[in-house]
Amino acid sequence: MRFFQIPQLSRVRQCKRLTFRASHLVPISNGPLRAHSRPPASRSWLHSSQLSRGIFSSRKQQQRGSSLGKGPIAVAPVVLILGGLLIYSLYPADELRRARLVKQTEEKAQDAKNREQSQTDDTAWSNFASRFEDFSNVTDIEWSSLSDRIVDLILPEWSKGVPRQIRKLQRELSLTEGSLADVIWQEAHDPFIHPEIRYSAKVRVSDELCEEEKEFLARRKKIAKAALAKYLGLNEKDINPDDVPTIAMCGSGGGLRALVAGTGSLLASQEDGLFDCVTYTSGVSGSCWLQSIYHSSLTNYRFEHIVDHMKARIGVHIAYPPAAFSSVTTSPTNKLLLSSLVEKLRGDPNADFGLVDVYGILLSARLLVPRGELGVNERDFKLSNQRDYIKYGQSPMPIYTAVRHEIPDVGSLVSKSGESLSEQAKEIAKQEAWFQWFEITPYEFFCEEFNAGIPTWALGRRFDGGIDVPPSSGFHLPEIRMPILMGIFGSAFCATLSHYYREVRPLVRNLTGFAAIDEMIHGRNEDLEKVHPIDPAQIPNYTYNMEGKLRFTTPTTIHKNEYIQLMDAGMSNNLPIYPLLRPGRDVDIIVAFDASADVKTDNWLSVADGYARQRGIKGWPVGVGWPKATDSPRKIEQQLDSAQANSAVDSVDKLQQAKDDQDAHRAEAARQEIAEQKMKAKHDQSHPEDSELGYCTVWVGTTEERSASPPPPSKALTDDTAWQLTSPHAGIAVAYLPFLRNPKVEAALGGGGGGGDVDPARSDYMSTWNFVYTPEQIDRVVALARANFAEGRDQVRRCVRAVYERKRKMREEREAAARLESYRRLLRRGTAHTLGEGDHFS
């Protein structure tokens, strides 16, 4: 290229020399031009009367011009213009266009930065930065007021570095140019780092699955077919894809207990071959964390790798200051953990940052970062990237869950109408306070009540009327990062006051003299159910301004809210069964691993009955779960006999006496009942041999229409009733495996004392609020989960085989009926026994 530019350069140099010489020629009054090597000392000669009109004219032309009274033609500007045009024509056009484009881009970026800087006083980011700077200053002042001797005596050694770490974090999150926050914000506009910012998103309103999930189902069916043949000992060639049952696994909430126990359960199912037959997995709270780890670069599709990862990472509390500060102040983890914070607050002026977001960052620092921290993968911090682990159907599709608490404002209804609401209207409003379920897959963020969803990669954007709204900077925001979602999935502390009081009520009622206080608080339970002491996480509402475009089950005011608050789905049901019952997924078998704190008292399986009735789902086994405690028939008969009245007066007396007795004994009876239930539940969890349900219980629903309303409850299957799984009217099969104590584990580990260290009901480290597990404790919990699965392994296998045989038999019957109908059609046409009608043998 330089060789071909030599003539051009020579011409340019000639022009430069020419202009250089001309610049050194200065006019002399009434005389010829002379060359000067340096400018004159005086510049009085610049007067217009002394300025020659042509510096390149000959002397004769100058004299002729002066004699005529006119100056020569001005050629210097012409030469300069021609030289500039020559340079412009010789300079490459692409370089000029590129230079103009770069300049325009820089000007736009500078304008956007100036606009953003002018609005910083009103943005969520500036408010956060200023508050954090104030907090850092207060910390420095308060800490400096303590003497070193007091610090050495009272506080641990690491506490001396807290002010320095806070100040370092504050500098990285400041608005100054070159800070970590500034780097994150600049990269947020880079489409090579965040490809999703180049695309617009729309709200999809439909009752069908998204196209990506349909493609996944078709691919997963082929993988499940081969896995089912291996699991049941069949020849893969003999299996019709239509006969392969759709199997789903769901894991309960329960913090790190659910994470560790769920890992052990899924590890056992993977070793048994069942997990490879599964199409869907769904999780709540700790089970969502488990799915996040499994679909990441940390595991390579193996659950034993998750066990090793947990041993390396959860031995330290998530809020331990040295580890927490190290993660958010050192590279490379600091940028990945804090990107969610910076992008959320700087991209949305009205965004909110609270305790749930901090909680999610601390969780991600322990669960999504490998040992050594240098091997952290940035792709693990976006949920939509998990499609890489399922795009060929090589792994089950994960379903994450969260809920929104819909609380109708009865007071606003009264003020609008101007009249007091009737008791019936208030009761309806009370019943309308419910939890709306949201599901998040690698493909879509969806709410079945709205019948609407958006692509997962658009999660975090603001929407208006069903279309995303880009920020003022002109760029879409990147997808919400996993730290924020991890906090939402496990935010059980955002429960209502009613949930909080329910946990401590047994202790209050056991205190002498507190029965009246308990009755007063419990009597206000309606109000307690509407108060969240800790605000849930807030994200943009994608149904904003979509009135009249959503399903009729959508709350009437949801389209008026620009943001929605999401929290732990365990507030509604600690088993994520609802997403598995969504139309289109057609799940045949649900394997539920329940590691809840009180598996019997809460009875989460039975909660799904109301959802199945509301959605009109056929085939759900009504009445599943732990049997409810009721009075014996003899006791009920005695109560009926004592309630008999001989006269009207007698009936009034008995009614008043009954009311008095009820008021007198209500508190005592309720206290004893709750205490007995708690004791019974703990006993059954520690002694499965005495409980109504064992390590594995299977129910099956029916699709047959029943005249009874409500339908009779489904009974747990036994060896004598297992034939119901093969019935043509059989519905959804549910295999329930609760997390119970197992004496075999105690014997294998050499424990003692009635379960001791491996008892979910009595071991302190298995509490939902424990965030530290030692490697030995992890091994114990995993061993217990694997042993419990082994107890029900054969029963689950028989269930899968029975459902497969039923689907195969029903398909063969349909095909036989179709062939018979075709034969009858030919008979009616009189061509049933003709040889090859219409072919070349006729």
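Me: Where is Asp 348 placed?
Reply: In this predicted model, Asp 348 is in the loop between helix H14 (333-347) and helix H15 (355-367).

Me: Is Asp 348 buried or exposed?
Reply: Buried. Its relative accessibility is 4%, and buried means under 20%.

Me: What does the side chain of Asp 348 make a polar contact with?
Reply: The side chain of Tyr 563, at 2.7 Å.

Me: Which residues is Asp 348 in contact with, leaving aside neighbours within four places in sequence?
Reply: Ala 124, Glu 343, Arg 462, Pro 540 and Tyr 563.

Me: Switching to helices. At roughly what angle do the axes of H11 and H12 cross?
Reply: Roughly 110 degrees. The axes of H11 (residues 286-294) and H12 (residues 303-313) come within 10 Å. The angle makes H11 roughly perpendicular to H12.

Me: Which residues make that contact?
Reply: From H11, Leu 290, Ile 293 and Tyr 294. From H12, Phe 303, Ile 306 and His 309. By class, that is 5 nonpolar, 1 polar and no charged residues.

Me: How many bridges join S4 to S5?
Reply: There are 5, and the two strands run parallel. Ile 247 stands opposite Val 278 in S5.

Key:
Residues numbered from 1 in each chain as written. Predicted model: local features only at pLDDT ≥ 70, side-chain atom pairs only at ≥ 80, totals over all residues. Heavy atoms only, no water. Axes fitted to C-alpha atoms, helices over the stretch in contact; angles between N-to-C directions. Helix = DSSP H or I, 4+ residues; strand = E, 2+ residues; numbered from the N terminus. Parallel < 35°, antiparallel > 145°, perpendicular 65-115°, else oblique. Contact = heavy atoms within 4.5 Å. Nonpolar A, V, L, I, M, F, W, Y, C, P; charged D, E, K, R; others polar. Buried < 20%, exposed > 50% of the residue type's maximum accessible area, 1.4 Å probe, protein only. Polar contact = N/O pair within 3.5 Å; in protein donor to acceptor, adjacent residues only side chain to side chain. Pairing = 2+ DSSP bridges.
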